[in-house]
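I want to go through the charged pairs, then a few strands, then the rings.

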Amino acid sequence: NLDHIITLHQRKCEVLKKLKKGLLQKMFPKDGTNIPEIRFPEFTDAWEQREFSSIAERISKTSQSSASLPSIEFEDIISEQGLLNKDLYSKKNVKSGIKFECNDILFGKLRPYLKNWLFANFTGVAVGDFWVLRGENISPLYLYYLIQTDSFMAVANTSTGTKMPRSDWKLVSSSIFFKPTCKDEQSKIGNLFRELDSIITLHQRKLEVLKKLK
């Protein structure tokens, strides 16, 4: 019975992840069109194209970590899920990195195919090969899910280096991406994906509890 319940939750997780992947493909316009395949019915305007550097500022101000300014490294993030795997405030070592604020986005530029990203809901210091991105005239959540799309990842993975490939900011910043002209549409898309992420996380946690119980 326990195995059956575990299998059920695993399948639910897989279905939800596939749903998210499908929506990321269909709720953002594909090449050759300025309207997404799926969108909220109240919005009909064509989307606009913008260089990435005009919608996302790359933050470079550095700071040292402290008791109130925790440091975050690649190893602290669950790949592709945008979740932390530990309590950052329990870390004792003082480290230097890029200071990020609430609503900033962390994107791991080293081996970008590992999909180390995070939507910050606290202020801290990003240590290592991160870009700290801050939305400019765009919904922060929309920007967070834009960087998870196939079109963004294709550009981010056109990297420099072989053994330690890194995303090329010059290439990414000058690449063209779509965004809705209406802020409300941006927010609704961001909130939809955040809700989907929350449901996926809930099922994954239930799954972990069941596995520990078994």
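A salt bridge, for these notes, is a side-chain nitrogen of Lys or Arg within 4 Å of a carboxyl oxygen of Asp or Glu. I'm working on a predicted model, where local features need pLDDT of at least 70 and side-chain atom pairs count only at pLDDT 80 or more, while totals for chains, interfaces and linings use all residues. Residues are numbered from 1 along each chain as its sequence is written, and side-chain values use heavy atoms, with hydrogens and water left out.

**Entry 1: salt bridges**

How many salt bridges does the rule give? I get 15. The general idea is that side chains of opposite charge can pair when their charged atoms come close.

I looked up D197 and K20 to begin with; their side chains form a salt bridge at 2.9 Å, N to O. D197 sits in helix α6 (residues 183–213) and K20 in helix α1 (residues 2–26), so I noted the pair as a link between distant parts of the chain, 177 residues apart. Helices here are DSSP runs of H or I with at least four residues, strands are runs of E with at least two, and both are numbered from the N terminus. Are D197 and K20 buried or exposed? Both are buried, meaning under 20% relative accessible area; exposed is over 50%, and partly exposed is in between (1.4 Å probe, protein chains only).

Then I went to E37 and K26, a salt bridge whose closest N and O atoms are 3.9 Å apart. E37 is in the loop between α1 and β1 (48–51), while K26 is in helix α1, eleven residues away. E37 counts as exposed because its relative accessibility is 55%. K26, at 34%, counts as partly exposed.

R134 and D104 also form a salt bridge, with 2.8 Å between the closest N and O atoms. R134 belongs to strand β11 (residues 130–135), and D104 to the loop between β7 (96–100) and β8 (105–108), 30 residues apart. D104 has 2% relative accessibility, so I put it down as buried. R134 is partly exposed at 29%.

**Entry 2: around E73**

E73 is in the loop between β4 (71–72) and β5 (77–78). Why does E73 count as buried? Because its relative accessibility is 15%. Its side chain makes a polar contact with the side chain of K95 at 3.0 Å. A polar contact is a pair of N or O atoms within 3.5 Å; within protein, one must be able to donate a hydrogen and the other to accept it, and residues adjacent in sequence count only if both atoms are side-chain atoms.

Leaving out residues up to four places away in sequence, E73 touches K91, K95, V127 and F130, with contact taken as heavy atoms within 4.5 Å. I also find E73 in a salt-bridge network with D76, K86, K91 and K95.

**Entry 3: strands**

Next, β8. I105 and F107 point one way from this strand, L106 and G108 the other way, and all are buried. β8 runs antiparallel to strand β9 (residues 117–119), joined by three bridges; I105 has F119 as its bridge partner there. Four bridges join β8 to β11, also antiparallel, and F107 stands opposite W131. Pairing of two strands needs at least two DSSP bridges between them.

Which order do the strands take in the open sheet of four? I wrote down β3-β7-β10-β4, with mixed pairing. β3 (62–64) and β4 are the edge strands, each pairing on one side only. Three bridges pair β3 with β7 in the antiparallel sense, and Q64 stands opposite S96 in β7.

**Entry 4: rings**

I list 16 aromatic pairs. Rings of Phe, Tyr and Trp (its six-membered ring) pair if their centres lie within 6.5 Å; planes under 30 degrees apart are stacked, over 60 edge-to-face, the rest tilted.

One of the pairs is F52 with F177, edge-to-face, 5.7 Å centre to centre and 75 degrees between the planes. F52 lies in helix α2 (residues 52–55) and F177 in strand β12 (residues 176–179), so the pair ties together parts 125 residues apart in sequence. F52 is buried at 0% relative accessible area, and F177 is buried at 4%.

Ring pairs also gather F28, W47, F119, Y142, Y144, Y145 and F193 into a cluster.
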